[in-house]
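Please read them alongside the model.

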Amino acid sequence: MKFTIIGAGAIGGLAGAYLTKAGHDVLLVDRWKEHVDALNANGMTIDGVRGDLNVKVRAATPDQLSGDLGVVLIATKSQHTLEALKQIVPLLTPQSAVVSYQNGFNEP
């Protein structure tokens with residue numbers, strides 16, 4: 001399955017790494033270019049109770065998005081939700097699905 005994850009921080013990055021590891025086509029999107037460059041060069045490193053893991057991931061900035069996004073997970077901070085949606089709405093199709101994958105219920 002194809003996933004585009006908007007927000008490559010703690011929540012989006014973790015989801016992206018594990019979905020990639022499971023064999024899905026995942027693109028992590030973050031507006032911080034240096035973070036995107038580091039992800040593309042070094043992958044996503046996760047450390048925790050399950051041990052250390054490094055997964056080679058694909059990442060892009062929002063201006064690099066094009067084509068079918070597949071299932072879109074919005075994993076930004078709540079105050080950046082509307083900006084994230086404005087960036088992806090032109091790329092959505094009738095088959096698209098967008099899921100709020102955010103920590104909290106305070107987005108509009």
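1. Leaving aside residues up to four places away in sequence, Val36 touches Asp30, Ala59, Ala60 and Thr61, where contact means heavy atoms within 4.5 Å. Val36 belongs to helix α2 and, because its relative accessibility is 3%, counts as buried; buried means under 20% relative accessible area, exposed over 50% and partly exposed in between, with a 1.4 Å probe and protein chains only. Val36 and Ser100 lie 64 residues apart in sequence and 21 Å apart in space, C-alpha to C-alpha.

2. The model is predicted: local features need pLDDT of at least 70 and side-chain atom pairs count only at pLDDT 80 or more, whereas totals for chains, interfaces and linings use all residues. Residues are numbered from 1 along each chain as its sequence is written, and side-chain values use heavy atoms, with hydrogens and water left out.

3. Five strands form an open sheet in the order β5-β2-β1-β6-β7, with parallel pairing. The edge strands, β5 (58-60) and β7, each pair on one side only. From one strand to the next, the twist averages 25°. Helices (H or I, at least four residues) and strands (E, at least two) are DSSP runs, numbered from the N terminus; two strands pair if DSSP finds at least two bridges between them.

4. β6 and β7 pair in the parallel sense over four bridges, and Ile74 stands opposite Ser100 in β7. Helix α3 packs on the sheet, touching β1, β6 and β7, and its direction makes about 160° with that of β6. Helix α2 (residues 33-42) lies across β2 (25-29) and β5, running at about 160° to β5. Axes are lines fitted to C-alpha atoms, for helices over the stretch in contact, and angles run from 0 to 180 degrees between N-to-C directions.

5. Which residues of helix α3 (residues 81-88) are buried? They are Thr81, Ala84 and Ile88. These residues lie on the same side of α3 because they cover an arc of only 65° around the axis, taken from the directions from the helix axis to the C-beta atoms. Leu82 and Lys86, on the other side of α3, are exposed. The buried residues of α3 pack against β1 (2-6), β6 (71-74) and β7 (97-100).
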